[in-house]
Amino acid sequence: MSTDTHNTVKGTGRVITRFGAQVLVRCEDNTDIRCTPKRKLENVACGDWVDWQSNPTGTARIDNIHQRKNAITRTTYRGKPRTIAANVDQLIIVSAWLPEPFWDLVDRYIIAAELLNAEVVIVINKHDLAEQYAKTSDWEALSEYENIDYPVLHVNANSGEGIAQLKELIKGKTNILLGRSGVGKSSIANQIIPKAHILTAEISDSGEGRHTTTTADLYELGDDSYLIDSPGVRDYMPDNLDPVKLANGYREFRPYFNNCKFSNCTHNHEPQCAIRQSVEDGNISKSRYQRYLSALANL
Ligand SMILES: Nc1nc2c(ncn2[C@@H]2O[C@H](COP(=O)(O)OP(=O)(O)OP(=O)(O)O)[C@@H](O)[C@H]2O)c(=O)[nH]1
Ligand SMILES: [Zn+2]
């Protein structure tokens, strides 16, 4: 932060949440400042790094958004793309033994991660219910993810089991929690950041503009680690998916693409498809391939 002769204060910080037209920026000295983006920067989002400046008479203004690594966008009902979160390094994809795991949805989050060039952690919560509810096919699905190098972590958000390992995996990264309702995302978030509740309560009680639950909130965990919790991305599905992007979302397919007879192969009905052959040879999981086909049919 710096002050010049005209009492203009300038600084750099990270957007932690939005309130309507305004955003809250966490500054380098750990203070928060409320800012209004200047014209054309209205799409500033949670997770953005920004330059701001304030003067004694007016509110602080965002003058510059640093170039983004990536952005999670969602098309509004008016058909306009809206940025929900920016600069996300890792998707924490949460499932539980109850409600029962839905691997098609896990695959979809993974596709999103691959398109965003973000890492993945697959979390299975409610480990205490595994014995009662886990099916053989579920254990197989999990080992298939591990076979293609996605880390799988068993967690019990009630007892805290697995939380230390999860904290280790999220270190130094900006993480976002995803998963269907009831799997325990909030319980996990509260284990990681016990003060999260207080922070959201403080923001919504500030009186100046209500904190809406549809926007993302970023929590700073120290050591360059961040956690984003957002109801708006819990059922996130990448926009504008096409067969090429979809197939690229299945990382184990990639080594074989060049061996398909047709360069525009959708790996479905086409003759001499290297992906189908690899499934037959046992080099690609049959279940993952079937989920790919069903996603392809739904494009
Ligand atoms: N048995 C068991 N129950 C858990 C565990 N973790 C969370 N729960 C329970 O699961 C329910 C849902 O947890 P939440 O944390 O609210 O789930 P969520 O994913 O945030 O749900 P939404 O906010 O609807 O998206 C609550 O009743 C929790 O107490 C666990 O490890 N074991
Ligand atoms: Zn093919």
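## Around ligand 1

Helix α5 (residues 185-192) contributes the most to the shell around ligand 1, with three residues. Helices here are DSSP runs of H or I with at least four residues, numbered from the N terminus. This is a predicted model, in which local features need pLDDT of at least 70 and side-chain atom pairs count only at pLDDT 80 or more, while totals for chains, interfaces and linings use all residues. Residues are numbered from 1 along each chain as its sequence is written, and side-chain values use heavy atoms, with hydrogens and water left out.

In total, 16 residues surround ligand 1 (each with a heavy atom within 4 Å). The closest are D128, S181, K185, S186 and S187. By class, the shell has three nonpolar, eight polar and five charged residues.

| Residue and its atom | Atom of ligand 1 | Distance |
|---|---|---|
| N125, polar side-chain atom | nitrogen | 3.0 Å |
| A157, backbone N or O | oxygen | 2.9 Å |
| S187, side-chain N or O | oxygen | 2.6 Å |

The protein covers 69% of the 650 Å² of accessible area (Shrake-Rupley method, 1.4 Å probe) that ligand 1 has on its own.

Now to helix α4 (residues 163-170): its buried residues (under 20% relative accessible area) are I163, L166 and I170. Seen down the axis of α4, they fall within an arc of 55°, so they line one face of the helix. A164 and E168, on the other side of α4, are exposed (over 50%). Just after α4, G172 takes a positive phi of about 75°.

Technical notes
Chains are lettered from A and ligands numbered from 1 in the order in which they are written. Buried means under 20% relative accessible area, exposed over 50%, partly exposed in between (1.4 Å probe, protein chains only). Helices (H or I, at least four residues) and strands (E, at least two) are DSSP runs, numbered from the N terminus. The arc is that of the directions from the helix axis to the C-beta atoms. A polar contact is a pair of N or O atoms within 3.5 Å; within protein, one must be able to donate a hydrogen and the other to accept it, and residues adjacent in sequence count only if both atoms are side-chain atoms. Ala, Val, Leu, Ile, Met, Phe, Trp, Tyr, Cys and Pro count as nonpolar, Asp, Glu, Lys and Arg as charged, and the others, Gly among them, as polar.
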